[in-house]
Amino acid sequence: MVERVRHLLDRFPEDEEAIRGLINTDASFEALCQEYQQTEQELRRLESESAVEGTAETADLRHRYQAIEEELLARIEGYRPV
């Protein structure tokens, strides 16, 4: 389980309890975590391949990454353990 959200735990270690609770109870949160990780990997790949970091594709992907992160944080901050 930890490996599925390692990237998120590394980014937000102070929210570990909420992240673990959500990953165990909310399939849509898990899917969002996977999308976040895949988007991050794709963004890093594009940035490493591109001599010009300001490409439209990179900018669009960066925007998507930030939007996913905001959604994850909203869910984490709204999490209440049962």
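Is Glu 71 buried, partly exposed or exposed? Glu 71 is partly exposed, with a relative accessible area of 34%; buried means under 20%, exposed over 50% and partly exposed in between, computed with a 1.4 Å probe on protein chains only.

The model is predicted: local features need pLDDT of at least 70, side-chain atom pairs count only at pLDDT 80 or more, and totals for chains, interfaces and linings use all residues. Residues are numbered from 1 along each chain as its sequence is written, and side-chain values use heavy atoms, with hydrogens and water left out.

A salt bridge is a side-chain nitrogen of Lys or Arg within 4 Å of a carboxyl oxygen of Asp or Glu. The count by this rule is nine. Among them are these pairs:

| Pair | N to O distance |
|---|---|
| Glu 40 and Arg 44 | 3.1 Å |
| Glu 42 and Arg 45 | 2.4 Å |
| Glu 71 and Arg 75 | 2.9 Å |

Helices are DSSP runs (H or I, at least four residues), numbered from the N terminus. Helix α3 spans residues 27-49 and holds both Glu 40 and Arg 44, four residues apart, about one turn. Glu 40 is buried at 16% relative accessibility, whereas Arg 44 is exposed at 55%. Also in helix α3, Glu 42 and Arg 45 are three residues apart, again about one helical turn. Arg 45 is partly exposed at 33%, and Glu 42 is partly exposed at 28%.

Glu 71 and Arg 75 lie in helix α4 (residues 56-77), four residues apart. Arg 75 is partly exposed, with a relative accessible area of 25%. Asp 26 joins Glu 71 and Arg 75 in a network of salt bridges.

Notes
Helix = DSSP H or I, 4+ residues; strand = E, 2+ residues; numbered from the N terminus.
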